[in-house]
Amino acid sequence: TSEELYYVAECGFRPVPDSGSSADRIYRAARSALLSIITEDMTDIEKAHAIYDYVMWKVVYDNEVLRIGSTEQSVKYAAYYLEGVFGTREAPFAVCDGIAKAYSLLCNIEGLPCVRIAGTAYTGGGWGGHAWNKVCVDGAWYNVDCTWGDYTMGLRNNRGQIVYREMATHEYFLKTDAEFALDHREDTPNDFPRSTDVV
């Protein structure tokens, strides 16, 4: 399954999905994506950055899934899994969990140790469930949140109408635990790697 695919990669193993399976299709799509964004001369930080930009720009946040009342129902949708990112839809739609799994899979295929982090995040209205990543670059662990790196901003045009535009930020790329502690909390107890103290 796609869950096994990202987990096997996260554990440091090379996935060998069953031919023709959903996991095989996703794995091939992920490898193809890496071939389009990674070059042999890139450093680890450049690879982590290229993958961050790819996931951040490629995936559209699936707000519709969030409107589903119960978690038991919403987790049945592809947005929570790799299928949301590497599925057959023309535009990939996913929520933070699917986005974090995609970043993990891509980094681990490329040889950058990466884990999906489960926890909560503060969005202004309170704390809610969230997922992001920690990636190991040059022997040090850092936090990465592709979901929060891609946001929508409402801009007023010359006719007074609000027009929404996709924006990007690297404010959530390669950050320490202390920097993330303001609005990200990891689930406890956990065995997630600790980040470096400085960037």
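In the predicted model, helix α1 (residues 2-10) packs against helix α7 (residues 96-109) at an angle of about 50 degrees, and the two axes lie 9 Å apart. On the α1 side, the contact is made by E3, L5, Y6, A9 and E10, and on the α7 side by K101, S104, L105 and N108. Sorted by class, the residues in the contact of α1 with α7 comprise four nonpolar, two polar and three charged residues.

Positive phi values were examined separately. For D138, phi is near 55 degrees, a positive value in a residue other than glycine. D138 is placed in the loop that runs between strand β4 (127-137) and strand β5 (140-144). The relative accessible area of D138 is 65%; exposed residues are those over 50%, so D138 is exposed.

A positive phi is also found at L174, where the angle is about 55 degrees although the residue is not a glycine. L174 belongs to strand β8, which covers residues 173-175. The relative accessibility of L174 is 6%; the limit for a buried residue is under 20%, and L174 therefore counts as buried.

Conventions
Residues are numbered from 1 along each chain as its sequence is written. This is a predicted model: local features need pLDDT of at least 70, side-chain atom pairs count only at pLDDT 80 or more; totals for chains, interfaces and linings use all residues. Side-chain values use heavy atoms; hydrogens and water are left out. Axes are lines fitted to C-alpha atoms, for helices over the stretch in contact, and angles run from 0 to 180 degrees between N-to-C directions. Helices (H or I, at least four residues) and strands (E, at least two) are DSSP runs, numbered from the N terminus. Contact means heavy atoms within 4.5 Å. Ala, Val, Leu, Ile, Met, Phe, Trp, Tyr, Cys and Pro count as nonpolar, Asp, Glu, Lys and Arg as charged, and the others, Gly among them, as polar. Buried means under 20% relative accessible area, exposed over 50%, partly exposed in between (1.4 Å probe, protein chains only).
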